[in-house]
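Subject: The structure we talked about

Hi there,

Here is the structure I promised to send over. Have a look at it first, and then read on for what I found.

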Amino acid sequence: MRTRPWTPWLYVAPALLVLGFYLVYPAMVTIALSFYERVPIQWSLGDLLRAPSCSALKAENSPQRGPCFAGLANYERIFTERSTQIALRNNVLWLIVVTSVTVGLGLMLAVLLDRVRYESLAKSTIFMPMAISFVGAGIIWKFMYAYRPPIYPQIGLLNALRVALGEAPIAWLTQAPWVNNLALMAVFIWIWTGYCLVILSAAYKGIDRDLLEAARIDGANEWQVFRHVVLPTLRSTIVVVATTMTVFTLKVFDIVYVMTNGNYETEVLANAMYKQMYSFWNFGLASAIAVVLFVAVLPFIVINIRRFLEQEAVR
Amino acid sequence: MAKVVLKNVTKRFGSLTAVRNVSLEVEDGEFMVLVGPSGCGKTTILRMIAGLEEVTEGEIWIGDRLVNDVPPKDRDIAMVFQNYALYPHMTVYDNIAFGLKLRRVPKPEIDRRVRQAAEMLGIADKLRAKPRELSGGQRQRVAVGRAIVRNPKVFLFDEPLSNLDAKLRVKMRAELQELHHRLKTTTVYVTHDQVEAMTLGHRVAVLNHGVLQQVDTPQRLYDFPANVFVAGFIGSPAMNFLPAKLTETNGQLVAQGSSFRFTIPEAIAPKAEGFLGRDVVVGIRPEHLQPAEPGDDGPDRLTIAVKVVEPLGSELIVYGDLDGVEVGARLDPSLRVQVGDKLTLSPQPTKLHLFDKESERAILHFQELEEKAREEKERVA
């Protein structure tokens, strides 16, 4: 059959249209909005194009309402205002702690559980939290972390344990910045470690057993087998899991929203964005935060796609 | 260099017994081949010597050390795997050097030994390549290099040639033989291929269903198989087995079959006397059958109805039916024979074997006649 040069495009067109409509267009609009201030709920492209410069309006002390062009002012605010600075700091913290702990723990469990008799049972148990919605998980853990002043009986499991052991209860979710942020991260780790475990375990099981035995006979102890044979063999899988976890972590929202709503220095970018958008109707700043998040995630997506293409090329 | 000794070794996986009470001594510098059909326990024995499987019962000694509880890394052994098990992320050089690096051998010494091994195996120009860039034969050489570079007490080979094509296998077989001749390291070699076993082994241990059947030199396995299994496993095409009954005629022991009768020579008859009146199996190898002279119809002639003719150029393999039993013969290719022909075969009188049908153990080998004759000759001389 003869194929016209445009025939493939015909097949791709629906997907391109849908993606363009739901992804590319909103992204462009978000980027555009991030350069404006005082954007009303009902705005039009014409309003934006005709909008005067904010600095000019301010200089004139003009009473004019409606959108104004702010240039990079929104971005400046993100990096200079205390609340968003905290969000930025926390996102970096989350990225470092959560990604390394989920991937590290997942890898460790994958290797250790391989030697356990009830492996599938243990794996299912660890994977189970994945089935719970993040909001649900947040509520469950709010109970775990619940705190009441020492004169009352503790209803939170962790504090009840502490009191039973003769310790003072801790206000897990308000003690900033380490205790409460780590407490929130623990929930995220609790949910996602199972995911890392399942993928890494599958990759670990794909390693030829003879390879490990050859290393043992070559004189390697278990740590050396892991370090010199298992780790290099799993490298590409670890990279994929780690970048995926990085992206998930950067986008963290539900847990923070449900458990502290960003109070007590637990703010993260996604929650800050939500607040700016729906609490303060500050479309410009919210859009700018969205763009910052997008740019932060981009490199990891690129790494993942590159790896995917490499794999395809090998095939 | 060391002896490897197995004392009453048994291995059970749950309710399955993979190796049953095996005792075996591999002498210092000996090339011992473990051979048997798949599932016979030969690989399990090798893995127990390597320390990759625990011994359920019994003892394994390497040199003068009991190694039952010694981990593989401390046994000073090297193993070559069937699929080579090369580290895919390392170069050939690093693959070979890995064991030395772990043992903290000084760098210049590592370099010297790796290059020497690579030179010996003809892979010196491949040291920077990754395993996936190599052909099967080259990978095999790297795997061997990884083993010899450490200069271990014992080499263990687990079917190392079975992933190679037929031509390369023959070449590598010869190379391994040469290598052993040069290094003289105690070697235990597992294969299911009896030709490999016969060509490589100083001695061959034949296994079946986890039980050691016989350990001996290749030639003695061929000449004096201990039972029906060994007789049928060693040699190709396989030995013919003819059912018979041991009776006495005119004061002589005879194996009486459906249409044939073999007289047991008096010199070796005493061994068979206890089996008088019992069912026996007469074994005769295809290469020990020749066409009978025309008109010769002695009682030990076998007349078969030819069913299959396989001309191989150098020889002619003929399969035929003798009263419901299949009989194969390896004949001269100049013989003209067709499917459907009646063919009368005459066995070489000193090449018969007699087995007890019930226990399947060998009763006697007519080959002993030749031994006795030789001894006699030597005594006279």
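In which sense do strand β7 (residues 154–158) of chain B and strand β8 (residues 186–191) of chain B pair, and over how many bridges? The two strands run parallel, and five bridges link them. One of the residue pairs to look for is B:Phe155, whose bridge partner in β8(B) is B:Thr187. Please keep in mind as you browse that this is a predicted model.

Now for the sheet around that pair. It is an open sheet of six strands in chain B, ordered β6-β7-β8-β3-β9-β10, with mixed pairing. Its edge strands are β6 and β10 (211–216) of chain B, each of which pairs on one side only. On average, neighbouring strands are turned by 15 degrees against each other, direction ignored. Helix α4 (residues 136–148) of chain B packs on this sheet and touches β6 and β7 of chain B. The direction of α4 makes about 175 degrees with that of β6(B).

Next, the contact between the chains. Here 16 residues of chain B meet 15 residues of chain A. On the chain B side, the elements that give two or more residues are β6 (77–80) and α2 (92–102) of chain B. That side of chain B is made up of eleven nonpolar, three polar and two charged residues.

- B:Ser236 and B:Pro237 are joined by a cis peptide bond, with omega about -5 degrees. B:Pro237 sits in the loop between α8 (228–233) and β11 (240–249) of chain B.
- B:Lys184 is not a glycine, yet its phi is positive, near 55 degrees. You will find B:Lys184 in the loop between α5 (166–183) and β8 of chain B. B:Lys184 counts as partly exposed because it has 13 C-beta neighbours inside 10 Å.
- B:Asn250 also has a positive phi, about 50 degrees, without being a glycine. B:Asn250 lies in the loop between β11 and β12 (252–256) of chain B. With 6 other C-beta atoms within 10 Å, B:Asn250 is exposed.

Finally, a word on confidence in chain A. The average pLDDT of chain A is 90, and 99% of the residues score at least 70. Among the elements of chain A, helix α5 (residues 82–113) has the highest mean pLDDT, 95, while helix α3 (residues 54–60) has the lowest, 82.

Technical notes
Residues are numbered from 1 along each chain as its sequence is written. Chains are lettered from A and ligands numbered from 1 in the order in which they are written. This is a predicted model: local features need pLDDT of at least 70, side-chain atom pairs count only at pLDDT 80 or more; totals for chains, interfaces and linings use all residues. Two residues are in contact if their C-beta atoms, placed from the backbone, lie within 7 Å. Helices (H or I, at least four residues) and strands (E, at least two) are DSSP runs, numbered from the N terminus. Ala, Val, Leu, Ile, Met, Phe, Trp, Tyr, Cys and Pro count as nonpolar, Asp, Glu, Lys and Arg as charged, and the others, Gly among them, as polar. pLDDT is the predictor's confidence in each residue, from 0 to 100. Two strands pair if DSSP finds at least two bridges between them. Axes are lines fitted to C-alpha atoms, for helices over the stretch in contact, and angles run from 0 to 180 degrees between N-to-C directions. A residue is buried if 20 or more other C-beta atoms lie within 10 Å of its own, exposed if 12 or fewer, and partly exposed in between; C-beta atoms are placed from the backbone.
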